[in-house]
Amino acid sequence: MSGVKRKRNVLNVKQKLKILQKLHNGESASTDAEDVRNEGNTISHSAALQSVENLLAYMGQRGFDYGDITAVRKISVDIRHEMNKHQKQRRITDFLKQ
């Protein structure tokens, strides 16, 4: 175990204050702490897409099976679809805010 490093979830001041305020008010802050901790674990669509594209390049260099490459390409298409959907939603909300 001496060579194993654990990922530490460090909360910023705002996150800590939110949890402390809930505790001060007698509320349970365990779910809030879990939500705050998971916030940092999300990945952007563009970062996910870049990772998939890097994986495709690697698979192409190493001569992976066509079926495997096709499956990863489908993931890329799905990420682009989600990215476009979120972008469209942002445009609509920005338009409605005006």
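**Entry 1: a residue to start with**

Is E53 buried or partly exposed? I looked up the relative accessible area of E53 and found 30%, so E53 is partly exposed. The model is a predicted one, and I kept that in mind for every entry below.

**Entry 2: the chain as a whole**

I counted the secondary structure next. The protein chain has four helices and zero strands. Along the sequence the pattern reads α-α-α-α.

I then looked up burial. Of the 98 residues in the protein chain, 14% are buried. The chain exposes about 8600 Å², and carbon and sulfur atoms supply 55% of that area.

Residues 24 or more positions apart account for 50% of them.

**Entry 3: salt bridges**

I went back to E53 and searched for salt bridges. The structure holds three. In one of them, the side chain of E53 meets that of R80, at 2.7 Å from N to O.

Another salt bridge joins the side chains of D78 and K74, at 3.2 Å from N to O. Both residues lie in helix α4, four residues apart, which is about one turn of the helix. D78 has a relative accessible area of 38% and is therefore partly exposed.

K85 and E82 also form a salt bridge, and their closest N and O atoms are 3.2 Å apart. I found both in helix α4, three residues apart, about one turn of the helix. K85 is partly exposed at 39% relative accessibility, and E82 is partly exposed at 29%.

**Entry 4: the nonpolar core**

Which residues make up the largest nonpolar core? I listed eight: A48, L49, V52, L56, M59, I69, V72 and I79. The elements that give two or more residues to this core are α3 and α4. The largest share, five residues, comes from α3.

I noted one background point here: in soluble globular proteins, nonpolar side chains tend to be buried together.

I picked L56 from the core and looked up its contacts. Leaving aside neighbours within four places in sequence, L56 is in contact with I69, V72 and R73. Of these, I69 and V72 are on the core list too.

Which residues make a nonpolar surface patch of about 280 Å²? I found L55, Y58 and F64.

I looked up L55 first. L55 sits in helix α3, which covers residues 45-62. Its relative accessible area is 40%, so L55 is partly exposed. I also checked L55 against V72: the two are 17 residues apart in sequence, and their C-alpha atoms are 8.1 Å apart in space.

F64 came next. F64 lies in the loop between α3 and α4, the latter being residues 66-97. With a relative accessible area of 38%, F64 is partly exposed. Buried would need a value under 20%.

**Entry 5: what I keep from this page**

Technical notes
Residues numbered from 1 in each chain as written. Predicted model: local features only at pLDDT ≥ 70, side-chain atom pairs only at ≥ 80, totals over all residues. Heavy atoms only, no water. Buried < 20%, exposed > 50% of the residue type's maximum accessible area, 1.4 Å probe, protein only. Contact = heavy atoms within 4.5 Å. Areas by Shrake-Rupley, 256 points an atom, 1.4 Å probe, with all protein chains shown as cover. Patch = residues over 30% accessible without salt bridge, like charges linked within 9 Å, V, L, I, M, F, W, Y side chains within 5 Å. Salt bridge = Lys/Arg side-chain N within 4 Å of Asp/Glu carboxyl O. Core = buried A, V, L, I, M, F, W, Y, C linked by side-chain atoms within 4.5 Å.
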